[in-house]
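Subject: Structure handover

Hi,

Here is the structure for your files.

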Amino acid sequence: MIAKLAKTCTLRISPEKLNFILCDKLASGGVSMWCELEQENFFSEFQMEGVSEENNEIYLELTSENLARALKTAQNARALKIKLTNKHFPCLTVSVELLSSSSSSRIVVHDIPIKVIPRRLWKDLQEPSIPESDVSIYLPALKTMKSVVDKMRNISNHLVIEANLKGELNLKIETESVCVTTHFKDLENPLLPSDSVSQNRHPEDMAKVHIDIRKLLQLLAGQQVAPTKAVCNIVNNRTIHFDLLLEDVSLQYFIPALS
């Protein structure tokens, strides 16, 4: 999923969590992503030592496809070990123990080149703050949404997403010759905190954001399993924030508005 969203990303390792991070500067029109995994849900044994006791973290930059490819070989493995090594250059070494037909095992090793990110750059890789949204809405089935957006992309690279507090979500494209809108109705809106700015909105008022359709398609195409929760938060004319929960993984994905 991450490999479809980001060619290179940052892997943050801490004692409790692993995070995959993408921070294309929102100001320059890039998307950003924060994906979180609780390490205890994935590893039976986990040892890590950060820079110091107060900064017990490690930040690595890697090509996500390389890690995805190495982990694919472990689908029927007896055991999988991931460790940080130095083989003339820093590597994430993925060691996979496979059972062979004679019930003896063989070890396959992948050395993935990485860059260790120095501490002075960590401040740019923190969890993004979530802006207060004008409208939050649960998304329809992502598969359905993907097939709609796929067809729209053949007509335009720009898409308007709009939603209100009445459970309505529209996907719109407009060109000089055609205007196409897909309407989703009877969706649910998450309960709002009492101090939310949305409390004063008229339920039928649409909040909207005009985005690059390819950036949304990347997110929709990357979903390997249907999320247990998929919420879209719209900050009118500024940004759209997707909050997805997939089994043991949470993913936040931000797409800025086109200027």
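The sulfur of Cys 179 is 19 Å from the closest cysteine sulfur, in Cys 232, so that pair is too far apart for a bond. The structure holds zero disulfides (pairs of cysteine sulfur atoms within 2.5 Å). Cys 35 is in no disulfide either; the nearest cysteine sulfur, in Cys 9, is 9.0 Å away. Cys 35 is buried, at 2% relative accessible area (buried is under 20%, exposed over 50%, partly exposed in between; 1.4 Å probe, protein chains only).

This is a predicted model: local features need pLDDT of at least 70, side-chain atom pairs count only at pLDDT 80 or more, and totals for chains, interfaces and linings use all residues. Residues are numbered from 1 along each chain as its sequence is written, and side-chain values use heavy atoms, without hydrogens and water.

Now the core. The largest nonpolar core has 61 residues (buried Ala, Val, Leu, Ile, Met, Phe, Trp, Tyr and Cys, joined through side-chain atoms within 4.5 Å). Ile 161, Leu 216 and Phe 242 touch the most other members. Beyond its neighbours within four places in sequence, Leu 216 is in contact (heavy atoms within 4.5 Å) with Met 145, Val 149, Leu 159, Ile 161, Ile 211, Phe 242 and Ile 255. Another core, of six residues, lies apart from the largest one and includes Ile 21, Tyr 59, Ile 117 and Trp 122.

One more item: Leu 80 counts as partly exposed, at 40% relative accessibility.

Best wishes
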